[in-house]
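Here are my notes for you, point by point. Have the model open while you read.

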Amino acid sequence: MSRTETTPITLAARKYAWRYVGNVAFWIQRLTGVALVGYLIVHVHTIRELQNPETFDAALKTFGTPLFKLAEIGLLATVILHALNGIRLTIVDMGVELSRQRQWFWYFAIGVGAVLFLAGAIPMFIYGILRHS
């Protein structure tokens, strides 16, 4: 296939490549925010219930399971994505780089977020899951 040939997929990719990024960022921000509020409610409830030593020991065993460690890695991803997208939205709301807000979503929220996520998730996976087995 030559460079000048276009397929329906490449045409659609060019046409819609940046069109819906703002909408996607909007929904990511809302969904991660709701997830974090739900986590916070469960977290506070769990902390309140850990006053009994037997309950505390049982909770520590649960917190050490590989499934719980995977959930912590998911929480890390949610926090990073919500925080970086929120910073990007604040910058856009101030009028800085308004014309390039879509690129900022991909480069800052997703790109920097992926680097931060890997820097945190890899040690969590190695020491929390692989060494647990």
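Predicted model: local features only at pLDDT ≥ 70, side-chain atom pairs only at ≥ 80, totals over all residues.

What pLDDT does the protein chain average, and what share of the residues score at least 70?

1. The protein chain averages a pLDDT of 84, and 86% of its residues score at least 70. Among the elements, helix α4 (residues 66-93) has the highest mean, 91, while helix α1 (residues 8-16) has the lowest, 63.

2. How much is tucked away? Of the 133 residues in the protein chain, 18% are buried. The accessible surface comes to about 9,600 Å², and carbon and sulfur atoms own 69% of that.

3. Take a look at the contacts too. Counting those with a separation of 6 or more, 76% are between residues 24 or more positions apart.

4. Next, the aromatic rings: the structure holds 3 aromatic pairs. One of them is Phe-26 with Trp-27, edge-to-face, at 5.3 Å centre to centre and 90° between the planes. Phe-26 is partly exposed at 35% relative accessible area, and Trp-27 is partly exposed at 47%.

5. Phe-105 and Trp-106 make another pair, with ring centres 5.2 Å apart. Why is this pair edge-to-face? Because the planes sit at 75°, and the cut-off for edge-to-face is over 60 degrees. Check the burial here: Phe-105 counts as buried, at 1% relative accessibility, whereas Trp-106 counts as partly exposed, at 39%.

Technical notes
Residues numbered from 1 in each chain as written. Heavy atoms only, no water. pLDDT = per-residue confidence, 0-100. Helix = DSSP H or I, 4+ residues; strand = E, 2+ residues; numbered from the N terminus. Buried < 20%, exposed > 50% of the residue type's maximum accessible area, 1.4 Å probe, protein only. Contact = heavy atoms within 4.5 Å. Areas by Shrake-Rupley, 256 points an atom, 1.4 Å probe, with all protein chains shown as cover. Phe/Tyr/Trp six-rings, centres within 6.5 Å; stacked < 30°, edge-to-face > 60°.
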